[in-house]
Amino acid sequence: MGGLGAPEIILIIIAILLLFGGKKIPELMRGLGKGVKEFKDAQNSDGSASSSEEKKA
């Protein structure tokens, strides 16, 4: 019971290509990238807001 090997990853990629098609995948990745960027920005703004509150106290 090991992790994912190269054949399994290739099979997953082929399945994704068959499900979504070649034209839809860049749009999905772009949306995923925007979501990750927004998440990181929210984390950074929350962290800086709490640290600035600590400095005021």
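Helices (H or I, at least four residues) and strands (E, at least two) are DSSP runs, numbered from the N terminus. The chain contains 2 helices and 0 strands. The model is a predicted one, in which local features need pLDDT of at least 70 and side-chain atom pairs count only at pLDDT 80 or more, while totals for chains, interfaces and linings use all residues. Residues are numbered from 1 along each chain as its sequence is written, and side-chain values use heavy atoms, with hydrogens and water left out.

**Surface and burial**

- Of the 57 residues in the chain, 2% count as buried; buried means under 20% relative accessible area, exposed means over 50%, and partly exposed lies in between (1.4 Å probe, protein chains only).
- The chain exposes about 5,200 Å², of which carbon and sulfur atoms supply 66%; such areas come from the Shrake-Rupley method with a 1.4 Å probe, and for residues only the protein chains shown count as cover.

**Helix 1 and the annotated region**

- Helix 1 covers residues 6–20.
- Its 15 residues should span 21 Å at 1.5 Å a residue, and the end C-alpha atoms of helix 1 are 21 Å apart, which agrees; the expected span is 1.5 Å times one less than the number of residues.
- After helix 1 comes G21, whose phi is positive, near 85°.
- The UniProt record, an unreviewed entry, places the feature "transmembrane region" at residues 6–22; UniProt positions are given in the numbering used here, feature names are shortened, and annotations may be inferred rather than shown by experiment.
- Residues 6–22 are 88% helix and 0% strand, with end C-alpha atoms 21 Å apart.

**The nonpolar patch**

- A nonpolar surface patch of about 1,100 Å² includes L4, I13, F20, M29 and V36; patches are made of residues with over 30% relative accessible area and no salt bridge, with like charges joined within 9 Å and nonpolar side chains (Val, Leu, Ile, Met, Phe, Trp, Tyr) within 5 Å.
- Helix 1 and helix 2 (24–56) each supply at least two residues of the patch, and the largest share, 7 residues, comes from helix 1.
- I13 is found in helix 1 and counts as partly exposed because its relative accessibility is 47%.

- The structure holds 2 salt bridges, each defined as a side-chain nitrogen of Lys or Arg within 4 Å of a carboxyl oxygen of Asp or Glu.
- Side chains of opposite charge can pair when their charged atoms come close.
- K24 is partly exposed at 39% relative accessibility, and E27 is partly exposed at 44%.
- K37 and D41 also meet in a salt bridge, at 3.9 Å from N to O.
- Both K37 and D41 lie in helix 2, 4 residues apart, about one turn of the helix.
- K37 is exposed, with a relative accessible area of 55%, whereas D41 is partly exposed at 42%.
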